[in-house]
Amino acid sequence: GALLVNERIDREELCGALSPCSLSFEIVVENPLELYSGTVEIQDINDNDPVFPSSQARLEISESVAAGARFPLESAQDPDVGINSLQTYQLSANPNFALDVQTRVDGSKYAELVLEKELDREEQRELNLVLTALDGGSPPRSAHVQIHIDVVDANDNAPVFNQSTYKASVRENTPSGTLVARISAYDLDDGPNGDIVYSFSSHTPAKVRELFALDSATGELRVKGQLDYEETKLYEIYLQAKDKGAVPGVAHCKVLVEVVDVNDNAPEVTVTSVYSPVPEDAAPGTVVALLSVTDLDSHDNGLVSDVNDNAPKPSQDSYDVYVLENNVPGIPILNVSATDPDLGRNAHLSYTLLQGDVAFGHLFSINRENGTLYLLTSLDHEDQVEFSMMVQVQDGGFPPLATNVSVSVFVTDLNDNAPMVLYPHPNSTTTYTDVVAPGTPAGHMVTKVVAVDADAGYNAWISYTLLQATDPSLFSVGLHNGEIFTARQLREDDAPEHTLVILLKDHGEPVLSTSATISISVAEMVKEVLTDLTDVAPDSDPRRHVTFYLILAVILVSAAFFITMLSVGIFKCYKWRQSKELYNSSRNTMYRTPGPFHHIDAVRGGFTPPSFYHQVYLTTDSRQSDLLCKKPFTSSPLGSRQGTIRNGEPGLYHQIVGTTSRLPTPAE
């Protein structure tokens, strides 16, 4: 079972720049029959030096070029991968240029010269620099290139691209000549100095030049070779625009070309034979071959098609959301999230707010794509405390599958309502005066302030305090109930009229308050107070006799109520005596009424003759009710209830039916 190396392995020859580099194999083991898959990863060693395309590079740079200008340099190539590949560049010391090392999308490095100090042709006509490329091996391998820079006089305006980066996408297997992108640059100079020629930058890889062609006059980038998504998914192409001046100005841009996958690879079926030939006496179920299917395409192009067999699964079945009242309209309050293990459209989810008995369309809305629930209006806790709704999550399959999620929105209370006084009424023109007799002892309740708060919980707790009083020592108010008591015994020298101002405060944050004014008269009888009130009220008031009529009405209603209750009591006693006599007389008859439990057993057992079955209905207080007996019938013990009569017939079986659990005893 040992796996041996058969010949010398060269990772660069087998895999090129692909990393990791691996070789796959399969092993069949018999008795028992098993199939194993194995992979050998070829690890890289630093056995290659970086290599520049040429040993020398020549640049022409105008002395008018401003500091900060960048000049791409030819890149070195290193067939090693990972840390052993090309890692950085170094530039020999000089007063004018610095080196900026950039990283491409695929991780490869390239270098650019950056002008830090402007050139002066009269001072120095040329510069010679050395560029060194280093890999990451230990010890590192390197390569060198000589850079000769000619400082010349020419153009003072370089071309400028309208954008630094272009993006395009093209399908793989696109025919040659297809337009990918069009780059554009402008030059403010006139004549040849303003004519622009487009070309690939010097550090553009040779593979890119083989796949794409650039029109030097129009800047059109077209497909030249065969694109393959499975080989490269993204190309980073560096282009330049150069004018035709004696010292041409140069501008650079980058084009990112994304290759879109096409279903151009058929699934590959690999058959591994186990028995060949198959014996004629092989038992049913014997494995004769092993099959594996692969597809080089990506995403849906590389899978067995999906069936919409999974309903959306929300992250939770129900949500409870708490929102402060008086909220700002339009705020998001919840994000309903769900997943669907299906693929493609079968996994595309949409969210819908289902309308219940109450239309919530003017209160709530939900984003169909991401499930964000919005509150469209300001809520009021005193108007409605809770909203319940259903959110339907539906996929895009055919037919679609859906799941409902319960959402409850609770409106939490804010202290936005001050206490409201019910008694005495604050907006009434009538003067409320309470009366207390002289000499009343301490602790006597005189009156009560009645108030409510529309808020809830702690915000609705009301406390009462005495704010002002004619005599602060005479009356006190209950902190939590608003009851006004005498704080001491009333004396003869106390003032006959007292005015109290009660402050009512809730316990919210911030505290809201209101006040109530109470008038109290000290008098021997109500007549004195009424006389005082008559003196105070205007002569033209048509309601000056209202109090008298109210008192008279209360007396008449009380008398009528007393007479009615007395009559009902007498009638009840009379009925009770009648029921007692009827009960005593029934015990003396020759027919004895069985108990209710015996009758139930007899009915269930089917032993009671149908013609001897009667029902007697009683009220809850059966001792004070008449007996209502039913005539005999022959159909069933549970037959019609028609023909109810007032008296029972002798010799018949009776059932006492009522809401009580037992019959009254003779003593009762």
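Strand 26 and strand 27 (residues 372-375) run antiparallel and are joined by three bridges. Within this pairing, Ile-366 has Leu-373 of strand 27 as its bridge partner. The model is predicted: local features need pLDDT of at least 70, side-chain atom pairs count only at pLDDT 80 or more, and totals for chains, interfaces and linings use all residues. Residues are numbered from 1 along each chain as its sequence is written, and side-chain values use heavy atoms, leaving out hydrogens and water.

The two strands belong to an open sheet of three strands, ordered 23-27-26, with antiparallel pairing. Strand 23 (331-335) and strand 26 (364-366) are the edges; each has a single partner strand, so one side of each lacks a neighbour in the sheet. On average, neighbouring strands here are turned by 30 degrees against each other, direction ignored. Strands (E, at least two residues) are DSSP runs, numbered from the N terminus. Two of them pair if DSSP finds at least two bridges between them. Axes are lines fitted to C-alpha atoms, and angles run from 0 to 180 degrees between N-to-C directions.

**Aromatic rings**

The structure holds eight aromatic pairs. Rings of Phe, Tyr and Trp (its six-membered ring) pair if their centres lie within 6.5 Å; planes under 30 degrees apart count as stacked, over 60 as edge-to-face and the rest as tilted. Phe-71 and Phe-97 have ring centres 6.5 Å apart and planes at 70 degrees, so this pair is edge-to-face. Phe-71 lies in strand 4 (residues 70-72) and Phe-97 in strand 6 (residues 97-103), so the pair ties together parts 26 residues apart in sequence. The rings of Tyr-458 and Trp-461 have centres 4.8 Å apart and planes at 55 degrees, so they are tilted.

A charge also meets a ring. The charged end of Lys-233 sits over the ring of Tyr-229, 5.2 Å from its centre. The criterion is NZ of Lys or CZ of Arg within 6 Å of the ring centre and within 35 degrees of the ring normal.

**Accessibility**

Buried means under 20% relative accessible area, exposed over 50%, and partly exposed in between (1.4 Å probe, protein chains only).

| Residue | Relative accessible area | Class |
|---|---|---|
| Phe-71 | 16% | buried |
| Phe-97 | 4% | buried |
| Cys-253 | 4% | buried |
| Asn-326 | 43% | partly exposed |
| Tyr-458 | 48% | partly exposed |
| Asn-31 | 74% | exposed |

**Disulfide**

A search of the whole structure finds one disulfide, defined as a pair of cysteine sulfur atoms within 2.5 Å. It joins Cys-15 to Cys-21, S to S 1.9 Å. The link of Cys-15 and Cys-21 is right-handed, with 60 degrees about the S-S bond. Both Cys-15 and Cys-21 are buried.

**Backbone in the loops**

Ser-138 and Pro-139 are joined by a cis peptide bond, with omega near 0 degrees. Pro-139 lies in the loop between strand 8 (126-135) and strand 9 (142-152). The peptide bond between Phe-398 and Pro-399 is cis as well, with omega about 0 degrees. Pro-399 is in the loop between strand 28 (386-395) and strand 29 (402-412).

Asn-31 is not a glycine, yet has a positive phi of about 55 degrees. Its loop runs between strand 1 (21-29) and strand 2 (34-42). Asn-326, not a glycine either, has a positive phi of about 60 degrees. Asn-326 is in the loop between strand 22 (318-324) and strand 23.

Key
Helices (H or I, at least four residues) and strands (E, at least two) are DSSP runs, numbered from the N terminus.
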